Amino acid sequence: MIFEIDKSQNQIQRTARDFVRGEFKKDVINELVEHGIYPEKIWKKAAELGFIGIHFPEKYSGQGLGAFENVLVAEELCRGDSSVGACLARAGHGAELLMRFGTDAQKEAWLPKVAEAEVLSCSALTEPGLGNDIARSQTSATQEGDDWIINGTKTHVINAGPRAGFYVVLCRTDPGTSATAQGLSTILVESDREGIQVADIGKKLGCRLMPISEVRLHQVRVPTDHLVGRENRGLEQVLACLNESRILSAAQSVGMAQGAFDRSFAYVKQREQFGRKIIDFQVTRQKVADMATKIEAARLLTYQAAWNFDAKKGKSDDRLSAMAKLYAGRSAVEVCDEAIQLLGGYGYIQEYEVERYFRDAKMAEIFDGTRTTQKNCITEGLMRKGVR
């Protein structure tokens, strides 16, 4: 297998780096972090440059590109700043469900608004007590005439709140089925529908700029044509999109690891101890070498997963995306941890940023499924398809 970054992709990378240098002002970001404010101005500027929904079709205000280009942008944004980068990379979270399975009317109504930073998109999948076991979702959608009546509670909903335009909600539409994983559908619910209550889940270890909330739906009524994809095939659709989302998570992790490395490497090259630069100590060089190797391995695995996803038009092997997510997520946490170690006491200070990269990297590792979930996915794939 051979893949390489072509001229247009190189240009996308350079444009993203230039954007980061121009817009990711340290004093502005520190203010956002201090007060937990969503980076709205930076989000809108990112949309003007086409970074939001870069993989959407052009007729829906996207750039008509693929997962690979989306990965390149996410990596650069999260390298520039782990918190702001994560918000921008996930501004269209859940929109892939509409893009892959929605009707033309659903796409026309919402994808341009996401790409143009008019609204954030949300997928409302898991529920209190379920974790990654979304197949046991109990939020119900009952058909009544020309409407669905939705009742239930979803938690850890990314982007929920005042900027959200819609939620793609995983609902149980056939409670009579004997198989728990069957009878689930995805339904588009506009955020201003009567009966929706949003409550922030509370203070978080990382990704504090990103709104993550619990969403309660009580007798929420939407038209039956808000069904996304096929009735009772919702779980299958969600898992297909999760494959793509894991690759994006891996790219975020790679960017965060690289960002923490950049800062710690610059520090050890100028910091002196015992009359010598820290980088001149062999133990420091060993640590730097391990960090750089982990980042490069994670990057290559992530690029391979994205390339494979595009080459197979979204029907790629889910083992590869799970491997990328697993390895990049763990590597980012380890690299960021080592970055703090290299800075010593300064590593705990907000001004030096690596402590925030560490916190955000842990969030990225958990997001879209923990290490255990990824390992289960990989093993199931091996049992199903065997070793290459």
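**Salt bridges and a helix pair**

Biologist: Is Glu 353 buried or exposed?
Modeller: Its relative accessible area is 11%. Under 20% counts as buried, over 50% as exposed and in between as partly exposed, with a 1.4 Å probe and protein chains only. So the word for Glu 353 is buried.

Biologist: Good start! What kind of model is this?
Modeller: Residues are numbered from 1 along each chain as its sequence is written, and side-chain values use heavy atoms, leaving out hydrogens and water. Local features need pLDDT of at least 70, side-chain atom pairs count only at pLDDT 80 or more, and totals for chains, interfaces and linings use all residues, as this is a predicted model.

Biologist: Which residue forms a salt bridge with Glu 353?
Modeller: A salt bridge puts a side-chain nitrogen of Lys or Arg within 4 Å of a carboxyl oxygen of Asp or Glu. Here the closest N and O atoms are 2.7 Å apart. The partner sits in helix α8 (residues 234-270), 90 residues away from Glu 353, which lies in the loop between α10 and α11; helices are DSSP runs of H or I, at least four residues, and strands runs of E, at least two, numbered from the N terminus. That partner is Arg 263.

Biologist: How many salt bridges does the rule give?
Modeller: One of them joins Arg 221 to Glu 144 at 3.0 Å, N to O. That pair links strand β7 to strand β2, 77 residues apart. By the rule, the count is 28.

Biologist: Now to helices α4 and α5: at what angle do they pack?
Modeller: Axes are lines fitted to C-alpha atoms, for helices over the stretch in contact, and angles between N-to-C directions run from 0 to 180 degrees. The axes of α4 (residues 67-80) and α5 (residues 82-89) are 6 Å apart. The angle is about 150 degrees.

Biologist: Which word describes how α4 lies to α5?
Modeller: Under 35 degrees is roughly parallel, 65 to 115 roughly perpendicular, over 145 roughly antiparallel, and the rest oblique. Therefore the word for α4 and α5 is roughly antiparallel.

Biologist: How many residues of the contact of α4 with α5 are nonpolar?
Modeller: Contact means heavy atoms within 4.5 Å, and the residues making it include Leu 77 of α4 and Leu 88 of α5. Ala, Val, Leu, Ile, Met, Phe, Trp, Tyr, Cys and Pro count as nonpolar, Asp, Glu, Lys and Arg as charged, and the others, Gly among them, as polar. Two are polar and none charged, while the nonpolar ones number six.
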